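Welcome! Here is a short tour of a two-chain model, beginning with the fold of one chain and moving on to the interface.

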Amino acid sequence: MILPAGREKEPGGGIATAKDREHRDERWTGQIDDAVAEVFETMLRLPYGVVDETPAMGVMISARIEFSGAIDGDCTVRVRDTAAERLTDMLLEAEADWDDEMIDDAVGELCNMIAGGWKSRFGMDANCHISVPAVSRCDVGERADESRGEMRRFYGMGEDVLEVTLALHRSEGTGGDVDCLPVPFPSRLIA
Amino acid sequence: MPVRVLIVDDSIVMRMVLERAIRHACPKISETTYAADGAEALATLEQAAARGESFDLILSDIHMPVMDGLEFLLEVQRRKLAPRVPIVMITAETGSPEVLRAMEAGAMGYILKPFTLEQLQMGIGALLQSAA
């Protein structure tokens, strides 16, 4: 396929200009920021701010959730183990010597809420599913699939940084420009 | 008589968060039981039924390994394991197709993550009052 100058192929096979992509990236960035803000403000109650990339140190914990169906991609949350321990304290409103399983579980739950929050803001149609989080630990420098990351955001909390990566690879029925309309939802929200 | 709640969630952290909210919303009178997935929860309900016991409220996550929340709900209804027991789904997605299907299948409502402890306590408190 030969594309006109200034245009590039989208994940779903459509064609978008660089400006289209810029607008889309801005929209996605705002949606990720909003999803992260909601988690920090409700469940963590921790001051934070968007920061530039900070070199990671020590053991990193990664939680990854995959999207499938109307879109194909993933959302990854990555944080240093010591920061993850602090996040676990905040989630459980208790300081304790949590074991690795508990800390990994907390990072997976944060990833779940951020990915779910992004998906809700994105306005996905009813054919998109998200997986349960897959959590892994690795030393710095073992960042997997770095080239696949379409968008990466960093959130500083004191000396620690939470990294969120969103990568979408394919969409169906959306003309290639990954976008959907919000779906109506029943109003039996309990909390 | 204690109010009995079954929490079905693969996340230990989320089970602890939910239990804390229940204890705050219904101090001293609530009794919580855990299951890590739908299959474990079905076994718990069957064992309770064999003892002639029941639960007053079931809180179930949607996304779980082994058996997810929607399958669990449908199986509970098919086997008539918890008639008249309100089942509330827990989700992080507003437009989740699984939650939409759960609502259609008779779930009483849903809890949307993230939430503040106060919001959760208020919601669970109202549920427990109506269940008691």
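Along the sequence, chain A runs through the pattern β-β-α-β-β-β-α-α-β-β-β-β, with three helices and nine strands in total; helices (H or I, at least four residues) and strands (E, at least two) are DSSP runs numbered from the N terminus. This is a predicted model, where local features need pLDDT of at least 70, side-chain atom pairs count only at pLDDT 80 or more, and totals for chains, interfaces and linings use all residues. Residues are numbered from 1 along each chain as its sequence is written, chains are lettered from A and ligands numbered from 1 in the order in which they are written, and side-chain values use heavy atoms, with hydrogens and water left out.

Now for the interface. Contact (heavy atoms within 4.5 Å) links 32 residues of chain A with 37 residues of chain B. Three salt bridges are counted between the two chains, a salt bridge being a side-chain nitrogen of Lys or Arg within 4 Å of a carboxyl oxygen of Asp or Glu. In one salt bridge, the side chains of A:Lys119 and B:Glu93 come together at 2.2 Å, N to O.

On chain A, these elements each supply at least two residues of the side that touches chain B:

| Element of chain A | Residues |
|---|---|
| α1 | 18-44 |
| α2 | 81-92 |
| α3 | 100-122 |
| β6 | 128-130 |

The largest share, 11 residues, comes from α3(A).
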